[in-house]
Amino acid sequence: MYSDGLTSISLFVEPLAGDRRPLLAGIHRLGISYAAVRHVIHQGTPMQVLVLGEAPAEVLARIASSVTWEEREGSGASVIGASSGAQQRDGVGPPDPDS
């Protein structure tokens, strides 16, 4: 969870198990909040990235599209927001470099 004291944004990343239906990829309005959902394949495993918050939808989509994984020796993978390391499978695209 990230907060500036006025608003907060939560980031969830989970593997998509065969018995659970994934959320629909894209932007969703939830009352005064938004959710950005992205599906990626990481090392052959389908993953779901969910970003929730009372922030503009474009901001949440940008956060969801910037999530990548970094391999660390001895500790497995951790989620970071840097260069592209996962294959995108939905309509939430990467940030426009001109914006």
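**View 1. The side chain of Gln48 reaches the backbone nitrogen of Leu23 at 2.8 Å.** This is a polar contact, a term used for a pair of N or O atoms within 3.5 Å, of which, within protein, one must be able to donate a hydrogen and the other to accept it, while residues adjacent in sequence count only if both atoms are side-chain atoms. The model is a predicted one, in which local features need pLDDT of at least 70 and side-chain atom pairs count only at pLDDT 80 or more, whereas totals for chains, interfaces and linings use all residues. Residues are numbered from 1 along each chain as its sequence is written, and side-chain values use heavy atoms, with hydrogens and water left out. Gln48 has its place in strand E5, where strands (E, at least two residues) and helices (H or I, at least four residues) are DSSP runs numbered from the N terminus. Gln48 counts as buried because its relative accessibility is 3%; buried means under 20% relative accessible area, exposed over 50% and partly exposed in between, with a 1.4 Å probe and protein chains only. Leaving aside residues up to four places away in sequence, Gln48 touches several residues, including Phe12, Val13, Leu16, Pro22 and Val37, a contact being heavy atoms within 4.5 Å.

View 2. With a relative accessibility of 8%, His39 counts as buried. His39 and Leu16 are 23 residues apart in sequence, and their C-alpha atoms are 8.9 Å apart in space.

**View 3. Strand E4 is paired with E3 and with E5.** Two strands pair if DSSP finds at least two bridges between them. E3 and E4 run antiparallel and are joined by five bridges, with Leu30 having Ser33 in E4 as its bridge partner. These two strands form a hairpin with two residues between them, and Gly31 in the turn has a positive phi of about 65°. E4 and E5 are also antiparallel, over nine bridges, and here Val40 has Met47 in E5 as its bridge partner. This second hairpin likewise has two residues between its strands, with a positive phi of about 50° at Gln43 in the turn. E4 is mostly covered, since eight of its 10 residues are buried.

**View 4. The largest nonpolar core has 11 residues in all, among them Ile9, Val40, Met47, Leu60 and Trp69.** A nonpolar core is a set of buried Ala, Val, Leu, Ile, Met, Phe, Trp, Tyr and Cys residues joined through side-chain atoms within 4.5 Å. Two or more residues of this core come from each of strand E4 (33-42), strand E5 (45-53) and helix H1 (57-66).

View 5. The protein averages 79, and 74% of the residues score at least 70. Over residues 82-99 the pLDDT stays under 50. Where pLDDT is low, the predicted coordinates should not be read in detail.

How values were computed:
pLDDT = per-residue confidence, 0-100.
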